[in-house]
Each structure stands twice: as structure tokens, then as C-alpha cells.
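Colleague: I want to learn how to read features off a model like this one. Can we take them one at a time?

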Amino acid sequence: MKATARILNGIEIAAQIKAEVAEQARALAARGITPGLAVVLVGHVAASEIYVRSKVKTCAELGMFSEMLTPPESVTTAELLELVAGLNARDEVDGILIQLPLPAHVDTRRLLEAVSPDKDVDGFHPINVGRLQSSASHGVQAGSALAPCTPAGIMEILRRSGLPVAGQHAVVLGRSEIVGKPVAMMLLNASATVTVCHSKTVEIGRYTRDADILVAAIGRPGFVTAEMVKPGATLIDVGINRVTDAAEVARFFPGDEARAAQFATRGSTLVGDIHPAAFALAGAYTPVPGGVGALTIAMLMKNTVAAAKARRGASAGRSEVAAAKA
Ligand code: NAP
């Protein structure tokens, strides 16, 4: 009888992480510290507004303070730099998140580099990128670096699901700054042997077929087919692709009535970078939706509490000691 692939439920893992973060936020609150996140949302990008709302809502649920700053589309780089400098200087702000993408006229790189590395909860500042790279630690979240949320979420899925990483061949598809490169570095830090593939890689299948862990982050619906997968492999599907063509939906999900019904109601459905037919061969896999995507906000909250602890936790401890002595 064919073994059934294990589903790695991102929603459940995210709930565990959020419960832990809420507990840590309570412990900090008992010492007079409320972890705080400032989100900068420029203009009106519908998808960004949805993400930001759910970040703000999650902060409230976990006992954290959040603030949304909404400069208009016409804001200049200089004005944004000033705004970030103000947030850097405010003690009650532990995390600063600049929602991407920014309008084309804004110098995104300059702005991301202006965020204080201690408050860089997205993990995009070169100091944090460097800390992740130079970490001697082989842990999930290396050293004291604030690690990018989606890759850190992938490592949490692997760790909390008890899946081995050390000694495994991990193949990463995609080399973006926000997913591919950092997850490759984290897997290396966790002692996997890592191969990174991208759009110039010749015959990707010869690498993917040898992957014990395959992380697909390229933004191409159903790119990884069953023939490209080693039976029993762990498949981590980062891709979030909205499919609006009925024939394509039928091709990806033949006989799946739930998907067909969803498509009929919404006019679209989400497909990852791994073809759903390949999941049947896997030892374990993350579904889309409900896999990696579910972890991203939980990891942002985790980073915000970690930033609060790192920057304010120790001094609060000292002032408590001083108060107790007085
Ligand atoms: P990105 O910046 O567009 O990078 C895509 C990467 O994939 C690039 O490195 C590109 O190679 C590579 N690539 C593109 N087409 C390829 C092909 N045919 N064969 C091999 N490699 C190919 O994308 P991203 O921001 O990393 O996102 C990737 C996917 O993950 C998207 O679907 C996105 O929506 C999703 N995502 C999900 C989350 C989450 O929370 N779950 C978070 C972020 C992103 P080159 O470098 O050679 O161009």
C-alpha cells in the first residue's frame, strides 16, 4: 500500500508560535514593556493594505502595540528617511516594518538600510544579512540576527515537525533576497548540503530529483512536477500563485470538487510552485494555502518580541533590580 504524505500544517505551527509570543509579551508587560511594531505603508496598494491590516490585528491579539504610518504615494525618499529616523529614535518602537513594494520613485534600498538593525524585524538590513551569513551558530535563527520572516518560518516548520536537516541534501529553487538566499543560508547553518537553482540553471530536474528537502520559491505555478521529485522527499512550497483560468485549475486539481467549488465562487484559486500531483510522492509537504504562508506574520511577531527583549529586556531587568534594592 502506498504511504500517505504527511501534511505540514502551517496554520497549526503558526498558532503554536503565536501562543509562545503572547506568553513572552505578557512576561515583558509584567516588567512594564509592551513590545511595539511600527508599520510604514506608502500609498494604496490593495494587497499591501490587506497584509498590513492583518499584521496590526495580530499585534493586538498577542498583547503588542502597533502603529500604522500611511504617507501618501507622492512621499519622497527624504521624507521617508526622516520618518524612519523618528521611529529609530522612539524607545517604545521595537520593530519597524516598511511594507514593500514602495512606489518606483522611492529609493527602497536606502530606506531599508536606514532602519536601525536592532529594529529591523524584516531582517533585510545588510547588518542582519551579514550576521545570518557569518553566524557560527547552527541554530534555526542564527545568533542574535533578526532573520527574514518567510525563511525563518520554513526552518520552524522543519524543526517543529521533527524533520531532519543536518546531512540532508536541500535544494532551493529561487535566489531572491527575501526567500531563496536567506533560506539557503539557514539550511547551510543547520548543516544541510545546499544547492541553489535559479532561472539560469540548466536542467533543474537533475538537482531536484536528488533533493531530500526541496524548497520551491520561484513564483511559477506548478513548476515542480512529480517527475522532478525524489519519492519520500520533504517538499516546502513557498510559491503563492493566483490562477484564474478554469482549464488550468482543472489541470492542477483534477477531480478536486472543493477546489472547483472555490474557483466557481471566487473566480480564482491559489497554486504553489509545486504541482499538486507531486505531493503524493512526498514524505511530507506544505500545502498551498495553509503552509509556509501561514508562518510569515507569526515570525514577524516573534522577531518583534525578540527585538524588544534584546533592546529593552536587559535594561528593564537592571531597573527592576535597582527598584528592588531601593
Ligand atoms: P522573486 O523575487 O521574483 O524571485 C524569483 C526567483 O525564482 C529568482 O531567483 C528567479 O531566478 C527564480 N526563477 C524564476 N523563474 C524561474 C524558472 N523558470 N526556473 C528557475 N528559477 C526561476 O520571488 P520571491 O519574492 O522570492 O517569491 C517567490 C514565490 O514565493 C512567489 O510565488 C511569492 O509570491 C512567494 N512568496 C511567498 C511568501 C510567503 O509568505 N509564503 C513570501 C514571499 C514570497 P533569477 O534570480 O535567475 O531571476
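Colleague: Is E156 buried or exposed?

Modeller: This is a predicted model, so take every value as computed from it. E156 is buried, with a relative accessible area of 1%. The cut-off for buried is under 20%. E156 is found in helix α6.

Colleague: What does the side chain of E156 pair with?

Modeller: The general idea comes first. Side chains of opposite charge can pair when their charged atoms come close. Here, E156 forms a salt bridge with R160, and the closest N and O atoms are 2.7 Å apart. The side chain of E156 also makes a polar contact with the side chain of R159, at 3.1 Å.

Colleague: Where do E156 and R160 sit relative to each other along the helix?

Modeller: They are 4 residues apart in helix α6, so about one helical turn separates them. E156 is buried at 1%. R160 counts as partly exposed, at 24% relative accessibility.

Colleague: Now the helix itself. How do I check the length of α6?

Modeller: Compare the expected span with the distance between the end C-alpha atoms. Helix α6 covers residues 149–160, which is 12 residues. At 1.5 Å a residue it should span 16 Å, and its end C-alpha atoms are 16 Å apart, so the two agree.

Colleague: How many residues of α6 are buried?

Modeller: The count is 10 of the 12, so α6 is largely enclosed by the rest of the structure. The buried residues are C149, T150, P151, A152, G153, I154, M155, E156, I157 and L158. After the helix comes G162, whose phi is positive, near 70°.

Colleague: Which residues of α7 are buried?

Modeller: They are G180, P182, V183, A184, M185, M186, L187 and N189. That is 8 of the 10 residues of α7, so the helix is mostly covered.

Colleague: What do the buried residues of α7 pack against?

Modeller: They pack against α5, α6, β5, β6 (193–197) and β7. Just after α7, S191 takes a positive phi of about 70°.

Colleague: Next, the core. Which residues of the largest nonpolar core touch the most other members?

Modeller: Again, the general idea. In soluble globular proteins, nonpolar side chains tend to be buried together. In this model the largest nonpolar core has 55 residues, and L187, V215, I236 and M301 touch the most other members. Several elements give two or more residues to this core: α1 (10–29), β2 (36–40), α2 (46–61), α6, β5 (169–173), α7 (180–189), β7 (213–216) and α12 (296–325). Helix α12 gives the most, with 8 residues.

Colleague: Back to charges. How many salt bridges are there?

Modeller: The count comes to 16, with a cut-off of 4 Å between nitrogen and carboxyl oxygen. Take E113 and R109. Their closest N and O atoms are 3.8 Å apart. Both residues lie in helix α4, 4 residues apart, about one turn of the helix. E113 is partly exposed at 39%, and R109 is partly exposed at 42%.

Colleague: What is the distance between the closest N and O atoms of R209 and E203?

Modeller: For that salt bridge it is 3.1 Å. R209 counts as partly exposed, at 39% relative accessibility. E203 is partly exposed too, with a relative accessible area of 46%.

Colleague: What about a charged residue with no salt bridge? Where is D120?

Modeller: D120 is in the loop between α4 (108–114) and α5 (126–134). D120 is buried yet has no salt bridge. The nearest side chain of opposite charge is R131, 7.8 Å away.

Colleague: Which side chain does the side chain of D120 make a polar contact with?

Modeller: That of N128, at 2.8 Å. Widen the view to contacts, leaving aside neighbours within four places in sequence. D120 is then in contact with V115, H125, N128 and L146.

Colleague: One last reading, on distance. How far apart are the C-alpha atoms of A27 and S199?

Modeller: They are separated by 46 Å, and the two residues are 172 residues apart along the chain. A27 is in helix α1. At 42% relative accessibility, A27 counts as partly exposed.

Technical notes:
Residues are numbered from 1 along each chain as its sequence is written. This is a predicted model: local features need pLDDT of at least 70, side-chain atom pairs count only at pLDDT 80 or more; totals for chains, interfaces and linings use all residues. Side-chain values use heavy atoms; hydrogens and water are left out. Buried means under 20% relative accessible area, exposed over 50%, partly exposed in between (1.4 Å probe, protein chains only). Lys and Arg count as positive and Asp and Glu as negative; His and the chain ends are not counted. A polar contact is a pair of N or O atoms within 3.5 Å; within protein, one must be able to donate a hydrogen and the other to accept it, and residues adjacent in sequence count only if both atoms are side-chain atoms. Contact means heavy atoms within 4.5 Å. The expected span of a helix is 1.5 Å times one less than its number of residues. A nonpolar core is a set of buried Ala, Val, Leu, Ile, Met, Phe, Trp, Tyr and Cys residues joined through side-chain atoms within 4.5 Å.
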